Amino acid sequence: MSTFYLTTPIYYVNALPHIGHIFTTTVGDTLARYLRMAGQEVYFLTGTDEHGQNIERAARNEGIEPIALADRVVAKYRELRDRLGFSYDDFVRTTQERHKRGVYEIIRRIEAAGDFYTAVHEGWYCPPCETFYTEKELGPEKTCPVHGTPVEWKSEENVFFKLSKYQQPLLDLYREHPEFVRPETRLNEVRAFVEAGLRDLSVSRANLEWGIPFPAKPGQTVYVWLDALTNYISALGFGSDDTRLYDRFWEHGDVRLHLIGKDILRFHAVYWPAFLMSAGLPLPTVVWAHGWWQRDGRKVSKSAGNIVRPDELIDRFGADSVRYFLLREMVFGQDANFSDEAFVDRYNSDFANGLGNLLSRLVTLSRSAFDGRTPPHACSDNELAPAAKQAAEDYRAAMENLAFNRALESLWRLIGETDQYIHRREPWKMLKAEGPTPALARILWNGMEVVRIVSTALLPVMPRMAPQVLAAIGVPEPATNFDALRWGGLPTDVEIPALAPLFPRIDKAAYLGEAKEKKKMEETTPPAAAAETPRITVDQFFQAELKVATIVAAEPVPKSKKLMKLTADLGEGAPRTIVAGIALAYQPEDLVGKQVVVVANLQPATLMGVESNGMVLAASLDGKPILLHPDAQVPNGTRVK
Ligand code: ME8
């Protein structure tokens, strides 16, 4: 069994996590779970970077101690671990004693190699980067090339690391191990930076209290990047009495992979290997840099003010959907754009319509044909088996290359093929015409076998939902390795529970707000799309609770041309408020006393400040609503079916 050490960056504690931080940990977690299933011995590390001027300043601004700020942010990371199901083996904090020991040990080794000297350091300094820049590197009006904020002139005596000495060894490393930096384009950037010449690096700071004191240099603290990078080995016990993990996963480990965002590539692919070379320690085997999540064309970041908080998305869509979206929508290595609309669309198309719809069709049919059980006959000779084999191979090849979007695409291609397979054979008609025949059993079994294979492959990505899908098709214990991707594993003739809706459709209009939805509707052409709407089962139809109601009051919604606020009696005692887009077609007095049909179990939505609890049904003729009424007066609350 080979060992695989996998790390995320350790995140700064001057701000709460946003979607970008969660992304890297989601990637790490998915990869860790994948590798464990692939039979590797994995150690997965994440943590927080707690020292430095930024954090000191952020804490001071709040009037609290830096450690109190760090504790608060760490608690949030822990909470998100629980919500998102992260399975890391350890969480390192740079304020821990064990980490300090590791930092002292690497400094001792670099000192022994003769790679430190003391000198005066002057230059333009960006506090958020904790980095000096040359005049040439600065943006207009002396601003930081990364943050665009003003830099400060700094002059102090510091300890310097002889980075220049490692220029050639680093270039040799990139030549001999081109896989050291991935993707390849990033290696070219790093190589160009090193070829342009490396200046020695100041690795201590004067007048900065919130840091690890630099050994034998009173008044100096360790430069935050030398401090932070060392987490990758201090967390394994480097510098302590117990170095078992360090020996296994670093010193003698097979793969040592750092997952990072491209913003911190230079630190990981230049400084870190140089420190390690100096200290005589093994280097990471791969530094893999991904791109940025952007919103409105800019990197998602606190300073850009375009942060996406994970909690809101998790509340609405569920943690596993958030994980899925992040992996599906970004080509790993490139930048990707985040939008709420893309999120809802992806969720509805891939889950509500895709996997969820296929699952519920199959389970419903199998249960009604075979007495609440899975089909009694398996099948190996059919067109889906080779398609599933191909999908599983494509999935595995893509996962090993961290091409998560392609891995997921190959699974959803298989879902699409299975949809067509079922659609062509019309098993619901077979059941009606011929009853529960072996032929019907095989068709349904094939479809469910695909669902089993897809959800097994989804276990690393959706660790909570995938087991639920598996349980729904009679596989209560999810597989622990990828042998289960082979065709043939679905048990025949076992009991399956009635299906709880796992991926309820999200009402996009309610989610995005009425205005946005209207714009979108104008851009699309519903009649053409209608022909492609997938069939639903009777069970799915009954998920909508349609009831007759009498409109007891109606008034226009202020400042809205289209919306009317209705008070509707559904026979529930208290009447409900329902907002309907009918004000251009109806006057309030046309409506009072009329009976209409209402979707009664719709989630509430707030439209122009009014909470709506239901939807009134109307035919839509060229966008004009025409209300539906019962043919005769019936009691309020009568079910429509
Ligand atoms: O840089 N898109 O911490 P940090 C994608 N403490 N990923 C993003 C992102 C975005 N918009 N924003 C942040 C630090 N990330 C240092 C690291 S390591 C020894 C020290 C992710 O809190 C991405 O992984 O600024 C990026 O590298 C990391 O968060 C930076 O987190």
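**Entry 1: α5 and α10**

I looked up how helix α5 (residues 167-176) sits against helix α10 (residues 265-279): they pack at an angle of about 110 degrees, with axes 10 Å apart. The two are therefore roughly perpendicular to each other, a label for angles of 65 to 115 degrees. Helices here are DSSP runs of H or I with at least four residues, numbered from the N terminus. Axes are lines fitted to C-alpha atoms over the stretch in contact, and angles run from 0 to 180 degrees between N-to-C directions.

I then checked who touches whom, contact being heavy atoms within 4.5 Å. Pro 169, Leu 170, Leu 173 and Tyr 174 of α5 meet Ala 269, Val 270, Pro 273, Ala 274 and Met 277 of α10. This contact has nine nonpolar residues, no polar and no charged ones.

**Entry 2: a note on the model**

I keep in mind that this is a predicted model, where local features need pLDDT of at least 70, side-chain atom pairs count only at pLDDT 80 or more, and totals for chains, interfaces and linings use all residues. Residues are numbered from 1 along each chain as its sequence is written, and side-chain values use heavy atoms, leaving out hydrogens and water.

**Entry 3: the largest cavity**

A cavity is a set of points on a 1 Å grid over the protein atoms alone where a 1.4 Å probe fits but cannot get out; lining residues have an atom within 4 Å of a point. The largest cavity's lining includes Tyr 11, Ile 22 and Phe 91. Which helix gives the most to this lining? I found that α3 does, with three residues.

Definitions and conventions: 1 Å grid on protein atoms, 1.4 Å probe; cavity = no way out; pocket = protein on both sides within 12 Å on 5 of 7 lines; lining within 4 Å. Parallel < 35°, antiparallel > 145°, perpendicular 65-115°, else oblique. Nonpolar A, V, L, I, M, F, W, Y, C, P; charged D, E, K, R; others polar.
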